[in-house]
Amino acid sequence: MPLTPVLITIDTELSNSLHKQGLTARANLDSSIHGRCRAGAFGIGWQMDQLDH
């Protein structure tokens, strides 16, 4: 049986609500795109690593 081609996309964007709360662009990027939290970083970099694995 032939394989079906698949395209996986990841939508990333800064958080409007964090911006309205006064977070800096850097803090918004770290939270919204890089997914940084106390437990680690689970954003775009982590997701790409998982897909590469």
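Analyst: We can begin with exposure: a residue is called buried under 20% relative accessible area, exposed over 50%, and partly exposed in between, with a 1.4 Å probe and protein chains only. This is a predicted model, in which local features need pLDDT of at least 70 and side-chain atom pairs count only at pLDDT 80 or more, while totals for chains, interfaces and linings use all residues. Residues are numbered from 1 along each chain as its sequence is written, and side-chain values use heavy atoms, with hydrogens and water left out.

User: With that scale in hand, is W46 buried, exposed or partly exposed?

Analyst: W46 counts as partly exposed because its relative accessibility is 39%, and F42, at 40%, falls in the partly exposed class as well.

User: How many aromatic pairs does the structure hold, and how should I read one?

Analyst: A pair of aromatic rings is described by the distance of the centres and the angle of the planes. Rings of Phe, Tyr and Trp (its six-membered ring) pair if their centres lie within 6.5 Å, and planes under 30 degrees apart count as stacked, over 60 as edge-to-face and the rest as tilted. The structure holds 1 aromatic pair. In that pair F42 and W46 stand edge-to-face, with 5.8 Å from centre to centre and 70° between the planes.

User: Which residues are linked in a network of salt bridges?

Analyst: Side chains of opposite charge can pair when their charged atoms come close. The rule used here asks for a side-chain nitrogen of Lys or Arg within 4 Å of a carboxyl oxygen of Asp or Glu, and by it the count comes to 2 salt bridges. R26, D30 and R36 are linked in a network: D30 meets R26 at 3.9 Å, N to O, and the closest N and O atoms of D30 and R36 are 2.6 Å apart.

User: Why are D30 and R26 separated by about one helical turn?

Analyst: Helices (H or I, at least four residues) and strands (E, at least two) are DSSP runs, numbered from the N terminus. D30 and R26 are separated by about one helical turn because they lie 4 residues apart in helix 2.

User: What does G35 touch, leaving aside its neighbours within four places in sequence?

Analyst: Contact means heavy atoms within 4.5 Å. With those neighbours left aside, G35 is in contact with D30, G40, A41, F42 and G43. G35 lies in the loop between helix 2 (25-32) and strand 1 (36-37) and is buried, at a relative accessible area of 17%. Its C-alpha atom is separated by 8.7 Å from that of G45, 10 residues apart along the chain; G45 belongs to helix 3 (residues 44-52) and is partly exposed, at 37%.

User: Is N28 buried or exposed, and what surrounds it?

Analyst: N28, in helix 2, is buried at a relative accessible area of 3%. Not counting residues up to four places away in sequence, N28 touches L14, S15, L18, H19, L23 and I33. A25 is placed in helix 2, but A25 is exposed, at 60%.

User: Which residues form the nonpolar patch on the surface?

Analyst: Patches are made of residues with over 30% relative accessible area and no salt bridge, like charges being joined within 9 Å and nonpolar side chains (Val, Leu, Ile, Met, Phe, Trp, Tyr) within 5 Å; areas come from the Shrake-Rupley method with a 1.4 Å probe, and for residues only the protein chains shown count as cover. Here V6, I8, I10, M48 and L51 form the patch, with about 470 Å² of accessible area together. Beyond its neighbours within four places in sequence, L51 is in contact with I8 and I10.
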